[in-house]
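Please keep the sequence and the 3D view at hand while reading.

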Amino acid sequence: MHARAGVLAVLLVVLALGAVWATHQGPVPMPVIPRAPGHCVLPTASMRRTHMMLLRAVREEIVRHDARDTRFRITHCVACHVEHTASGQPIPVNAPGQFCATCHTYVGVHIDCFACHAAVPRNPMKFGGIGGSNSVQAAFRIPQALRGRFLSGGAGGGR
Amino acid sequence: MNDERRGQPLIDAVAGDEAPDSARRRLLKMAGAAVALTLAPGVTVLARDLVLKGGRKARSPVRYGLLIDANACKTGCDACVRACQDYNGLSHDPGPDNAQWIRKVTITDPGTGFTRSFPVMCQHCEDGACVDVCPTGASFRRPDGIVLVDKHRCIGCRYCLMACPYKARSFVGRVVTDQRPWAPRGKGTAEGCTMCVERVMAGKQPACVAACQKAGHKAMMFGNLHDPKSAIAVRLSKVATTTIRADLGMGPGVHYRGI
């Protein structure tokens, strides 16, 4: 009888210590979202709620119906939201702490967009050359605000 | 090039995209026209040509295609292959598990010694076997004739690799990094020549065609086969050309001269 009470006491102490430790840790810290320059294609509140629906709808439209001149292209997301190292190299948006990863890690959602899609922007002129001075804009129908990010120096354009 | 429809959604450019009702009628017509041979219970051979003739769709105003002149193609030149690899982010290494969207093929007549070298890629068939066999609808033909893999739907079953008589499809068996934003590709999906759809939609030629012209051979020509005024259609009306394995009745969009 005494033995059983002893085990129970030890268990209670362990549980109490665990609770104290958890309180001490506090809640999981909120993600720190890197800010992109300029304005997004929709207000932030809308993007937070609907970006996954937009991407899903648009991927169907682009691949199967060639609606390529939409604002909601994943390449545009990457072009705006990519961060750069001090030396100007683009950091993949799905790298730890980067724009896509920071929230999805926080909520425990695994995204596989970047198993296929490029997580850094690239300048098409450097890859087999599309050719022609206006071809880069034409090829991607990039919104005016984003064009500089494809065209300027570095692997993926400057900040 | 068909410049007028640049920038418009494709769906608007193609009149008479099939309604469900007409699809059903087509199926009925196919059933009527098909010659079926029952070998054993549950084993039926359909005469493919007859099946397809019954269900031929209305002619689309746009059908992108290629004309490859094997007389002008140089043995040993692989400018088109390298341009494809560079633009679409494929490896230059011809390893057994690396994707291959375009390859140079050399044919020799053993009797006469006549040799020709020319590139072979997805033939962008009108009735491609890849589209027929795909269990998820990932392999599809756009109304302008370009055959693509919708990788959002592809489950990587590789049926299209088996079905394609041109061996034009590849399977990505390893994790891919360093993709081009204009050519997404990843492990577990089938892929093939996209006719550089991003470039074409921007009014440019596919990378292979541009590279061939840059190399000075001018063995490749791209354009709208269904526009009688396009350079490719004019050329096709003047010189003798063929398609590879025309007997299969799949209606390739890639025409060859001199083979």
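Patches are made of residues with over 30% relative accessible area and no salt bridge; like charges are joined within 9 Å, and nonpolar side chains (Val, Leu, Ile, Met, Phe, Trp, Tyr) within 5 Å. A salt bridge is a side-chain nitrogen of Lys or Arg within 4 Å of a carboxyl oxygen of Asp or Glu. Accessible areas come from the Shrake-Rupley method with a 1.4 Å probe, and for residues only the protein chains shown count as cover.

The model is predicted: local features need pLDDT of at least 70, side-chain atom pairs count only at pLDDT 80 or more, and totals for chains, interfaces and linings use all residues. Residues are numbered from 1 along each chain as its sequence is written, chains are lettered from A and ligands numbered from 1 in the order in which they are written, and side-chain values use heavy atoms, with hydrogens and water left out.

**Chain A: a surface patch and a helix**

A nonpolar patch on the surface is formed by A:Val28, A:Met30, A:Tyr106, A:Val107 and A:Val109, which together have about 500 Å² of accessible area. One of these residues, A:Val28, is located in the loop between α1 (2-25) and α2 of chain A. Helices (H or I, at least four residues) and strands (E, at least two) are DSSP runs, numbered from the N terminus. A:Val28 has 61% relative accessibility and therefore counts as exposed; the term means over 50% relative accessible area, whereas buried means under 20% and partly exposed lies in between (1.4 Å probe, protein chains only).

Helix α4 of chain A covers residues 99-107, and its buried residues are A:Cys100, A:Ala101, A:Thr102 and A:His104. These buried residues pack against α2 (44-65) and α5 (113-116) of chain A. After α4(A) comes A:Gly108, which has a positive phi, near 70°.

**Chain B: overall features and a sheet**

Chain B contains nine helices and 11 strands. It has 259 residues, of which 44% count as buried. Among the contacts in chain B with a separation of 6 or more, 59% come from residues 24 or more positions apart; contact means heavy atoms within 4.5 Å.

Strand β10 of chain B (residues 220-224) is largely enclosed by the rest of the structure, because four of its five residues are buried. It pairs with strand β3 (residues 64-69) of chain B in the antiparallel sense, over five bridges; two strands pair if DSSP finds at least two bridges between them. B:Met220 in β10(B) is the bridge partner of B:Ile68.

**Salt bridges within and between chains**

Over all chains, the count comes to 13 salt bridges.

| Residue pair | N to O distance |
|---|---|
| B:Arg153 and A:Glu60 | 2.3 Å |
| B:Glu198 and A:Arg73 | 2.8 Å |
| B:Glu126 and B:Arg63 | 3.4 Å |

The side chains of B:Arg153 and A:Glu60 meet in a salt bridge. This pair crosses between chains, from the loop between β7 (147-149) and α6 (159-163) of chain B to helix α2 of chain A. B:Arg153 is partly exposed, with a relative accessible area of 30%, and A:Glu60 is also partly exposed, at 25% relative accessibility. A network of salt bridges links A:Glu60, A:Arg64, B:Asp150 and B:Arg153.

The side chains of B:Glu198 and A:Arg73 also meet in a salt bridge. B:Glu198 lies in helix α7 (residues 197-201) of chain B and A:Arg73 in the loop between α2 and α3 (74-81) of chain A, so the pair joins two chains. Both B:Glu198 and A:Arg73 are buried.

The salt bridge between B:Glu126 and B:Arg63 links distant parts of the chain, 63 residues apart. B:Glu126 is partly exposed, at 29% relative accessibility, whereas B:Arg63 is buried, at 4%.
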